[in-house]
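Keep the model in view as you read.

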Amino acid sequence: MENRKEKRGIEITRQYFDFLDQHIEDVVNGQSPAFMELNQIARELAVSHTHLTDTIQKEKGNHPCHFYDARIIEKAKHLLMYTNTSAAQVAMILTYDPANFSKFFKKWTGQTPGGFRKANKKKIS
C-alpha cells in the first residue's frame, strides 16, 4: 500500500508541474485570461486542494505556490531576455499590474525587471 501511495505522489507531482507549464503558456499566449488559483488547479487534477498541497510539499519540500511563482518568474525572465517586449507589457502578459509585478519580480530575483533585462539581455538578430 505504501509503495502505491508513493507512486501516486510522484504522479500527482508530475501532473502538477506539467499542468503549470501548459497553463503558464496558455496565459502568455492569450488562451487563458488569468492564472488559476491553486484550488482550481487541484480540481483540474482531480485531487483536493489539501491533498495537492501536502503531496507537493512532501515530494518537493515547498508549497505548490512556491513552484507556481518560480515558474512565472522563469517565464518573465525569458520574455525579458529574448524579446523586446517592455517590462510593463511583460507584466500585463502575465496578468499583473506593472507596479505589483516589479515588486514580485524583485522579491524573487533581487533586481527590477528593467535591471534584470539590462544585465541579461540576449541579442536578437
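Proline 113 lies in helix H7. Helices here are DSSP runs of H or I with at least four residues, strands are runs of E with at least two, and both are numbered from the N terminus. At 4% relative accessibility, proline 113 counts as buried. Buried means under 20% relative accessible area, exposed means over 50%, and partly exposed is in between, with a 1.4 Å probe and protein chains only. This is a predicted model, in which local features need pLDDT of at least 70, side-chain atom pairs count only at pLDDT 80 or more, and totals for chains, interfaces and linings use all residues. Residues are numbered from 1 along each chain as its sequence is written, and side-chain values use heavy atoms, with hydrogens and water left out.

What does proline 113 touch, not counting residues up to four places away in sequence? Its partners are Leu80, Ala87, Phe101, Ser102 and Phe105. Contact means heavy atoms within 4.5 Å. Take serine 102 from that list. Proline 113 and serine 102 are 11 residues apart in sequence, and their C-alpha atoms are 6.2 Å apart in space.

Now widen the view to the helix. H7 covers residues 113-120, and its buried residues are Pro113, Phe116 and Arg117. Seen down the axis of H7, these buried residues fall within an arc of 100°, so they line one face of the helix. The arc is that of the directions from the helix axis to the C-beta atoms. An α-helix has 3.6 residues a turn, so residues three or four places apart point the same way. On the face of H7 turned away from the buried side sit the exposed residues Lys118 and Ala119. The cover over the buried residues of H7 includes helix H4 (64-82), helix H5 (87-93) and helix H6 (98-109).

Which residues of H6 are buried? They are Phe101, Phe104 and Phe105. Down the axis of H6, its buried residues fall within an arc of 100°, so they too line one face of the helix. Lys103 and Lys107 are exposed on the face of H6 turned away from that buried side. H4, H5 and H7 are among the elements that cover the buried residues of H6.

Move to an earlier part of the chain. Leucine 38 is found in helix H2. Leucine 38 is buried, with a relative accessible area of 7%. Leaving out residues up to four places away in sequence, leucine 38 touches Tyr16, His49, Leu52, Thr53, His63, Pro64 and Cys65. Tyrosine 68 is 30 residues from leucine 38 along the chain, and their C-alpha atoms are separated by 9.0 Å.

Threonine 55 lies in helix H3, residues 49-60. Is threonine 55 buried or exposed? Threonine 55 is buried, with a relative accessible area of 8%. Its contacts, leaving aside neighbours within four places in sequence, are Gly9, Ile12 and Thr13.

The loops come next. Alanine 46 is found in the loop between helix H2 (38-44) and H3. Its phi is near 65°, a positive value in a residue other than glycine. Most residues other than glycine have a negative phi, and most peptide bonds are trans. At 66% relative accessibility, alanine 46 counts as exposed. Threonine 95 is in the loop between H5 and H6. Phi of threonine 95 is near 65°, again positive in a residue other than glycine. At 37% relative accessibility, threonine 95 counts as partly exposed.

Finally, step back to the whole chain. There are 7 helices and 0 strands, in the pattern α-α-α-α-α-α-α along the sequence. The C-alpha trace spans about 55 × 30 × 25 Å along its principal axes. Of the 125 residues, 34% are buried. Among contacts with a separation of 6 or more, 61% come from residues 24 or more positions apart. The chain exposes about 7,700 Å², and carbon and sulfur atoms supply 50% of it. These areas come from the Shrake-Rupley method with a 1.4 Å probe; for residues, only the protein chains shown count as cover.
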